[in-house]
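Q: Could you take me through a protein structure step by step? I would like to ask questions as we go.

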Amino acid sequence: MLDALAEYRRSGRYGFTPPGHRQGRGADPRVRAVLGDALGCDVLAAPGVDDRLARGHVLGDAEELMAEAVGAESAFFSTCGSSLSVKAAMLAVAGGDGGLILGRDSHKSVIAGLVFSGVRPYWVSPKWDAARHFSHPPSPEAVREAWVRHPEAAGALIVSPSPYGTCADIGGIARVCHERGKPLIVDEAWGAHLPFHPDLPRWAMDAGADVCVVSVHKMGAGFEQGSVFHVQGDLVDRARLKLCADLLMTTSPNVLLYAAMDGWRRQMVEQGHELLGAALDIADYARSALSAIPGITVMHNELLGAEASHELDRLQVLMDVAATGASGYQVADWLRDNRRLDLGHSDHRRILATLSIADDKTTVDTLIDAVTAWRTRLTGTAAPEMRLPAPRELELESVMLPREAFFGPCQAVPIEQAPGRIAAEEVTPYPPGIPVLIPGELIDRAVIDYLRSGLAAGMNVPDPADPQLHTLRVVAR
Ligand SMILES: Cc1ncc(COP(=O)(O)O)c(C=O)c1O
């Protein structure tokens, strides 16, 4: 795909086709000044990079090479992120009205998949570290119990790694599913790099998953929105998966995304071991230097073990700042305002620095220096208090199908009146994007107190109709 795009440009090909900017010719010079080369590469997939019948098999070749690179049986590219891929996998496995065993720590795109499809969720609780208010992926035992309760489910879906790099025992969970002849989908949005270094957690296909979806842009080096499905075995019908993806996919895929995924695949095959090895070394250096800052705990052992996670991606450097008295939101805002550094995730007590093959001692020293500077200047800053529910209080009873609650008659009520009502919308602190409220769940007071005090403390809740949460959409009585 990358070669075909280079050839398209080299040969001076021109399309009387979309995109109308014609490789930038028609774009405003101010747009061109910023987006220059990107416009030059933004051409039609077919007829363009390939001919009108895709006889050059350009995309097909890129996908086959990707499958070969990671050792999957097949791979499909998608250009709408894992948000699309995960929905397509859910539809392919559970159809329009089946049931799926799902970790309650699933990403909001999974919930969107339930709303679109009408699929019934059979929730599995994550493991909880109540003291740190932190969840870990569900255990194989919890998934087994879910199968005993819901043998009719079409399959199971687990997120691993989590956005914090914590991983489920996918091998154990796959065995539990396969004993029943049912497939396991792994949302591996944060794990595109895993196949390419043995010191990273085991990747889903090696551990026995049937389908996994990865976001190449997160831990790989693709453009935002590039995603790949990997499939193996015969529990998931590939043709059906492709058809389901086609239902959701754009008819105008951006070849920049395809080409970047293809080029990253080649980079990983040729140099992945070396590049990821260097990134892991730099992560160890960052972990040890950041741990030396008073009040900062770089989480490692706390994240692993029987009551926690199975494996950890060390490139996700999760720092607990609670002992400093500040919240993660405050630290993240300070780093952005004062050091021009952005962190992917922050919450009431943690910040997360995600490292990649792009990082080296220079970038990591900038982070260490900035966190040290924050620590020196902000001693004694008190974090706004948040009311944190006990894990039990966060696990709301699901009393209606998400689809019915979302699309049925609903009303917006003042948030104080929401406890006791059924949620008709999702409410998701972002990042990490794990919904606190899912359509169809019975709302309780503890969750409302959590969300309101969270908003006051700096939490970002972008998805409800009223993001300030003065009102909440609930199912009409
Ligand atoms: C666990 C998980 N799954 C799926 C997604 C969606 O991925 P994308 O942003 O590629 O659509 C995310 C995004 O953050 C995620 O964290």
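Predicted model: local features only at pLDDT ≥ 70, side-chain atom pairs only at ≥ 80, totals over all residues.

Q: Let us begin with the ligand. Which residues come nearest to it?
A: The ligand has 14 residues around it, and those that come nearest are Ser 83, Asp 187, Trp 190, Ser 215 and His 217.

Q: What lies 2.6 Å from a nitrogen atom of the ligand?
A: That is a polar side-chain atom of Asp 187.

Q: How much of the ligand does the protein bury?
A: The protein buries 90% of the 390 Å² that the ligand exposes when taken alone.

Q: Which elements give two or more residues to the shell around the ligand?
A: They are helix H5, residues 81–94, and helix H10, residues 216–219. Helix H5 gives the most, with three residues.

Q: How do the residues of the shell divide into nonpolar, polar and charged?
A: Five are nonpolar, seven are polar and two are charged.

Q: Changing topic: what is the order of the seven strands in their open sheet?
A: The order is S1-S10-S9-S8-S6-S2-S3, and the pairing is mixed. At the edges are strand S1 (74–78) and strand S3 (120–124), each of which pairs on one side only. On average, neighbouring strands of this sheet are turned by 20 degrees against each other, with direction ignored.

Q: How many bridges pair S9 with S10?
A: Strand S9 (residues 211–215) and strand S10 (residues 227–231) pair over five bridges, in the antiparallel sense. In one of these pairs, Ser 215 has Ser 227 in S10 as its bridge partner.

Q: Which strands does helix H7 touch?
A: Helix H7 (residues 140–149) packs on the sheet and touches strand S2 (99–103), S3 and strand S6 (155–159). The direction of H7 makes about 140 degrees with that of S3.

Q: And where does helix H12 lie?
A: Helix H12, residues 255–291, lies across S1 and S10 and runs at about 140 degrees to S1.

Q: What about the sheet of four strands: what is its order?
A: That open sheet has the order S11-S13-S15-S14, with antiparallel pairing.

Q: Why is one side of S11 and of S14 left without a neighbour in the sheet?
A: Strand S11 (297–298) and strand S14 (345–346) stand at the edges and have a single partner strand each, so one side of each has no neighbour in the sheet.

Q: How many bridges join S14 to S15?
A: Two bridges join S14 to strand S15 (residues 350–354), and the two strands run antiparallel. His 345 stands opposite Leu 352 in S15. Helix H13 (residues 328–339) lies across S14 and S15, at about 45 degrees to S15.

Q: One last topic, the backbone. Where are the cis peptide bonds?
A: One runs from Ala 46 to Pro 47, with omega near -5 degrees, and Pro 47 has its place in helix H3 (residues 45–49). Another joins Tyr 430 and Pro 431, where omega is about -20 degrees. Pro 431 lies in the loop between strand S16 (410–414) and helix H17 (445–457).

Q: What is phi of Ala 54?
A: Phi is near 55 degrees, a positive value in a residue other than glycine. Ala 54 is in the loop between H3 and helix H4 (58–70).

Methods: Residues numbered from 1 in each chain as written. Heavy atoms only, no water. Near = heavy atom within 4 Å. Polar contact = N/O pair within 3.5 Å; in protein donor to acceptor, adjacent residues only side chain to side chain. Areas by Shrake-Rupley, 256 points an atom, 1.4 Å probe, with all protein chains shown as cover. Nonpolar A, V, L, I, M, F, W, Y, C, P; charged D, E, K, R; others polar. Pairing = 2+ DSSP bridges. Contact = heavy atoms within 4.5 Å. Axes fitted to C-alpha atoms, helices over the stretch in contact; angles between N-to-C directions.
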